[in-house]
Amino acid sequence: VQLQASGGGLVRTGGSLRLSCVTSGFTFDDYSIGWFRQAPGKEREFVAAITWTGGNTYYADSVKGRFTIYRNNVVYLQMNSLKPEDTAVYYCAATSGSYYYTSHDYDYWGQGTQVTVSS
């Protein structure tokens, strides 16, 4: 089972990035996918999730209205109006369960992709 996150980079405040999460080794449509992030010295925190049907999405309050999660054969996280506090390593993860907000809810994790927002 593999999840591959990509699309991170360096962007200025107010800019945009789109992260991608490509999966392999399991039935994609059987899993909901979440994005988490971890800044230096901080705990990993939930960012967004999308159910396996794509019909339901969930967001952390800090990113509502700025980030959009969606999926086809790949799960994307469109990040707009980026702020310096969005700087972190972003991870995608897969869960077969019905809870999405904590890292313990997820079965599989990808490596992270660095997002840096300069002021």
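**The disulfide in its setting**

A: Buried residues (under 20% relative accessible area with a 1.4 Å probe, protein chains only; over 50% is exposed, and partly exposed lies in between) make up 44% of the 119 residues in the chain. The model is predicted, so local features need pLDDT of at least 70 and side-chain atom pairs pLDDT 80 or more, whereas totals for chains, interfaces and linings use all residues. Residues are numbered from 1 along each chain as its sequence is written, and side-chain values use heavy atoms, with hydrogens and water left out.

The structure holds one disulfide, defined as a pair of cysteine sulfur atoms within 2.5 Å. C21 and C92 form this link, with an S to S distance of 2.2 Å. The link of C21 and C92 is right-handed, with 75° about the S-S bond. It connects distant parts of the chain, for C21 lies in strand β3 (residues 17–24) and C92 in strand β9 (residues 88–95), 71 residues apart. C21 counts as buried because its relative accessibility is 0%; C92 is likewise buried, with a relative accessible area of 0%.

Among contacts (heavy atoms within 4.5 Å) between residues at least 6 apart in sequence, 56% join residues at least 24 apart.

How values were computed
Helix = DSSP H or I, 4+ residues; strand = E, 2+ residues; numbered from the N terminus.
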